[in-house]
Amino acid sequence: MTAVAAAPRRATHAPAFRLSFAHLLKSEFIKILTLRSTWWSLGVTAVLSIGISLLIAAASRDFGGGFAAANVILSPTQFTMLVAGILGAIVITGEYSTGMIRSTLTAEPRRGAVLLAKAVVVALVMAATTVVIYAVAIAVTAPLLTEGLDWSEPAQSIVPLALGVVSMAAFTLIGLGFGFLIRSGAGAIAATVGVLFVLPIVFSLFSFAGASWQWLVDGAKYLPVNAAAMLTAPGGDELATGGITLAVWALAPLVLGWVALRARDA
Amino acid sequence: MIVAEHLTKRYGDKTAVDDVSFTVAPGRVTGFLGPNGAGKSTTMRMIVGLDRPSSGHVSVRGQDYRRLRSPLTEVGVLLDAKAIHTGRSARNHLRAMAATHGIGRARVDEVIELTGIGSVAGKRAGGFSLGMGQRLGIAAALLGDPHTLILDEPVNGLDPEGVRWVRQFVRHLASEGRTVLLSSHLMSEMAQTADHVIVLGRGRVLADAPLPELVSTWTSTTLVVRSPRLDELVSSLRIPDATVSVLEPGAVQITGVTAQTVGDLAAAHGIPLYELTPKAGSLEDAYLALTDDSVEYKTKEIA
């Protein structure tokens, strides 16, 4: 048959082109960096983060003593985490709403690899951005602080800042996981904002409910935002609890998203 | 070579593709025909692993698509023009797709050139016309220089120049020994492009045959006959299958006989003929005859 004739022809210029995870990562980097929504998200994160750090730094003179300089840089996280989560969500829901996911999955039919590549890329992009943001924030707030960062004490400086970078990457992954699981942009963003922002408020309402609801209030520390606060507290003693809790929050939606991605038709 | 064996896809209690088996051979263009909802797109999506068959199996060159080590160099797919992120430029879309297989910029520029989208390559795909979107989709399908092409409605929305380009291009690819499967609703286009046709209706294979065979099996040749002594001629026709209908005074249309029979008959009786025109059936006639009962979304006949 002609199939036999066709096969050697292909073999003679057997392409060096080969699907690999490294290639997939490069593709995902191109994808994320060629969308305006990414740059908007990163820009908003930067403006929010540096702006709020400046405000806190300006006000810190009036706080009196005992305010860790690292907190000036880290406090904006409770706002920027939302943008991080939303970026994670739209990285994948944008593919579903436009149909791009079908191109993605025909180029790489092993779906687990697609999810992993996206997770690595979106986490790295957010981590790199956060490093830059922190560097700028440290530089611009320095003149306003009476007591700057003490680099000789890692527990007061580099450790919480590094864990802050990790936390931002984790928030992005929470959004990504919900995106894979829910597929719809609005749904995934609602779930992400709900977990990051609304649940802590709901939990805190129960602090007025008396002792019988105290367990619920105590449980609030296992929410992502509070886990991140434990993790990034300068000189904190609950790093392990915070770290494990945040890791579970970042991974659980991703694992569920992976199960959904494997099982469903695209 | 694409081989589908007992392919079935159910959505709830609706069966979109029902025990479909066929082989798409290399070296020729295979057309996929069928009414809307016949299961063409679903079948194509199952070939490339986007949809999982409820039962049955489909392979490309003997392998499950999901197990291919370099899918883009094996299979080029255009499923619909909307498989592109609207916020990304055409060139960046192609770069991202190419990067998955380590295909370089040179090939990206080549397919941009080949499909004629150079002037809009830097623009965001969301603003593309249907035709430009199709060209971009075809460009993406060609990135890996694949030996199998699966094109769902490739000429949908293209201008006449683009339609002709697709036709010549897929014929050229098939002549190189590649496997080409394409669907289209444009019968005249399909008749000019395909060598072999698979007709689907309500999720089943209604026909799977070379195009000329399909047309001759499912249509009958009609003869237009003009003569001053028509009555005599018609009454001397003693063929039970023949049907005669009057077109206008002095002209009839006859089916079920060959031009040769009528010509010989006229000569034997000394009847002059003014016209004897055989009219072969078209792919469209064959298609309509085939799918008559299996059209799911039927339009009402205009009285």
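Author: Helix axes are lines fitted to C-alpha atoms over the stretch in contact, and angles run from 0 to 180 degrees between N-to-C directions. The model discussed here is predicted.

Reader: At roughly what angle do the axes of helix 5 and helix 9 of chain A cross?

Author: Helix 5 of chain A covers residues 77-98 and helix 9 of chain A covers residues 185-205. Their axes come within 9 Å, and the crossing angle is roughly 160°.

Reader: Are helix 5 and helix 9 of chain A roughly parallel or roughly antiparallel to each other, and is their crossing left-handed or right-handed?

Author: Angles over 145 degrees count as roughly antiparallel. The axes of helix 5 and helix 9 of chain A cross at roughly 160°, so the two helices are roughly antiparallel. The handedness of this crossing is right-handed.

Reader: Which residues of helix 9 of chain A meet helix 5 of chain A, and how many of the residues in this contact are charged?

Author: From helix 5 of chain A come A:Met81, A:Leu82, A:Gly85, A:Ile86, A:Ala89, A:Ile90, A:Thr93, A:Gly94 and A:Ser97. They meet A:Gly185, A:Ala188, A:Ile189, A:Thr192, A:Val193, A:Leu196 and A:Phe197 in helix 9 of chain A. By class, the contact of these helices has ten nonpolar and six polar residues, and the charged count is no residues.

Reader: Which elements of chain A give two or more residues to the side that touches chain B?

Author: In the contact between the chains, 35 residues of chain A face 42 residues of chain B. The elements that give two or more residues on the chain A side are helix 1 (2-12), helix 2 (21-33), helix 3 (36-60), helix 5 and helix 6 (100-107).

Reader: How many charged residues are on the side of chain A that touches chain B?

Author: That side has 14 nonpolar and ten polar residues. Its charged residues number eleven.

Reader: What separates the centres of domain 1 and domain 2 of chain B?

Author: The assignment places domain 1 of chain B at 2-210 and domain 2 at 220-279. Taken over C-alpha atoms, their centres are separated by 46 Å.

Reader: Where in chain B is confidence lowest?

Author: The mean pLDDT of chain B is 91, with 96% of its residues at 70 or more. Confidence is highest in helix 3 (residues 90-99) of chain B, at 97. The lowest mean, 86, belongs to strand 11 (residues 243-248) of chain B.

Key
Residues numbered from 1 in each chain as written. Chains lettered and ligands numbered in written order. Predicted model: local features only at pLDDT ≥ 70, side-chain atom pairs only at ≥ 80, totals over all residues. Domains from an automatic or database assignment. Helix = DSSP H or I, 4+ residues; strand = E, 2+ residues; numbered from the N terminus. Parallel < 35°, antiparallel > 145°, perpendicular 65-115°, else oblique. Left-handed = near helix turned anticlockwise from the far one by under 90°. Contact = placed C-beta atoms within 7 Å. Nonpolar A, V, L, I, M, F, W, Y, C, P; charged D, E, K, R; others polar. pLDDT = per-residue confidence, 0-100.
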